Amino acid sequence: MAFELNLRAPFGEQLREFSELKIRHAANLLSLANGDADEAVHDTRKLMKRLRALLRLIRSTLRKQQFQLLDRAAADTSRCLSGPREARATRDCLTTVVPDLLLVLPHDTVHGLGQSLEDTLLESGLEDKLDGARAQLAHLAEAFADVAWEAVSLEQALDGLAITYKRARRSHQACHGSSHAEVFHDLRKGVKHHTHQLQLFRDLWPAWVEAHGETARTLGDLLGSDHDLSDLQLRISDGRLGLSPQERLAVEGVLRARSQLLRAEASPLRARLFAESARAFRKRTGAYARAAST
């Protein structure tokens, strides 16, 4: 069951419990990881994203250097595991576009592309990467222990929720008329932070949080698939996969077309998700919190 905040209970203590649960879960995953560590890597990175979203929720209560230390430790834990995750995502991404590639390239060429890609994704030193993640996670646990959780109030957390929404909404607006992958990747990160924060606040109004959260999750998934396409396109474009210039152009055309479809599907979702201003969003969540606390 997902962790949910009780708006009528001591607030900072619940956030402390949340952070300790996520760190303990990540430590257990990394301690059990071995040569077939795909799931442990994936789940640990998700936990780090939840902790980074929590940090943005309570940022106003942290010293600047304290926030940077905590955020860097969580990011570094994920970064140690980025290679294995990206390899898995790239494999999955190629699999989704194989039917479209077979429309423009011979079967042998598509098969050869898959094999060449696989050769570039083979990773060595996984245990070293896991050890690095374990060390960074230990630093993160120590840094979280220094947070003054008793100083965190519901109103401060709601302010943090609105600030995250505001930043994600700005990224949404920057996507209008843009075709740059970096712009959509920034939106994806903002949507992910917003989604993880909102999951904690189901007590505001369960029906609204579930509907809003489902839209955010679907949007995040679409933007994630688009990001994976961008990564695959970079690997195709660097010329190391044995494709001729004409074949590269054909593959890049397929990837661009799929990206355009994903962004078109995401467009109405992000328009709905960020329809109201950050001020209106803060007013709404504040009103829900007051009603839920009575």
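Contact here means heavy atoms within 4.5 Å. By that criterion, and leaving out residues up to four places away in sequence, His227 touches His185 and Arg188. The model in which these contacts are found is a predicted one. His227 has its place in helix α9, and its relative accessibility of 18% falls under the 20% limit, so His227 counts as buried.

On the α4 side the contact is made by Arg85, Ala89, Thr90, Cys93, Leu94 and Val97. On the α9 side Asp228, Leu229, Leu232 and Arg235 take part. Sorted by class, the residues of this contact are six nonpolar, one polar and three charged.

Helix α4 also packs against helix α5, which covers residues 107-121. Here the angle is about 175° and the axes are 11 Å apart. Since angles over 145 degrees count as roughly antiparallel, α4 is roughly antiparallel to α5. Ala87, Thr90, Arg91, Leu94, Val98 and Leu101 are the residues of α4 that meet α5. Their counterparts in α5 are Val110, Leu113, Gly114, Leu117, Glu118 and Leu121. The contact of α4 with α5 has eight nonpolar, two polar and two charged residues.

Another helix pair consists of α7, residues 154-174, and α11, residues 278-293. Their axes lie 9 Å apart and the packing angle is about 150°. That value makes α7 roughly antiparallel to α11. The crossing of α7 and α11 is right-handed. From α7, the contact draws on Leu154, Glu155, Leu158, Asp159, Leu161, Ala162, Tyr165 and Lys166. From α11, it draws on Ala278, Phe281, Arg282, Thr285, Gly286, Ala289 and Ser293. The residues divide into eight nonpolar, three polar and four charged.

The structure holds eight aromatic pairs. One of them is formed by Tyr165 and Phe281: the ring centres are 4.2 Å apart and the planes are at 0°, so the pair is stacked. Because Tyr165 lies in helix α7 and Phe281 in helix α11, the pair ties together parts that are 116 residues apart in sequence. Tyr165, at 0% relative accessibility, counts as buried. Phe281, also at 0%, counts as buried.

Phe281 takes part in a further aromatic pair, with Trp208. The centres are 6.2 Å apart and the planes are at 45°, which makes this pair tilted. Trp208 is in helix α9 and Phe281 in helix α11, 73 residues apart, and the pair links these distant parts of the chain. Trp208 has a relative accessibility of 14% and counts as buried.

Both pairs belong to a wider group. Tyr165, Trp205, Trp208, Phe274, Phe281 and Tyr288 form one aromatic cluster. Among them, Trp205 sits in the loop between α8 and α9. With 45% relative accessibility, Trp205 counts as partly exposed. Trp205 and Ala289 are separated by 84 residues in sequence, yet their C-alpha atoms are 8.3 Å apart in space. Ala289 is one of the α11 residues in the contact with α7.

Ala266 is buried, with 1% relative accessibility. Leaving aside neighbours within four places in sequence, Ala266 is in contact with Leu219 and Leu222. Ala266 and Ile58 are 208 residues apart in sequence, and the distance between their C-alpha atoms is 29 Å.

Technical notes. Residues numbered from 1 in each chain as written. Predicted model: local features only at pLDDT ≥ 70, side-chain atom pairs only at ≥ 80, totals over all residues. Heavy atoms only, no water. Helix = DSSP H or I, 4+ residues; strand = E, 2+ residues; numbered from the N terminus. Nonpolar A, V, L, I, M, F, W, Y, C, P; charged D, E, K, R; others polar. Axes fitted to C-alpha atoms, helices over the stretch in contact; angles between N-to-C directions. Parallel < 35°, antiparallel > 145°, perpendicular 65-115°, else oblique. Left-handed = near helix turned anticlockwise from the far one by under 90°. Phe/Tyr/Trp six-rings, centres within 6.5 Å; stacked < 30°, edge-to-face > 60°. Buried < 20%, exposed > 50% of the residue type's maximum accessible area, 1.4 Å probe, protein only.
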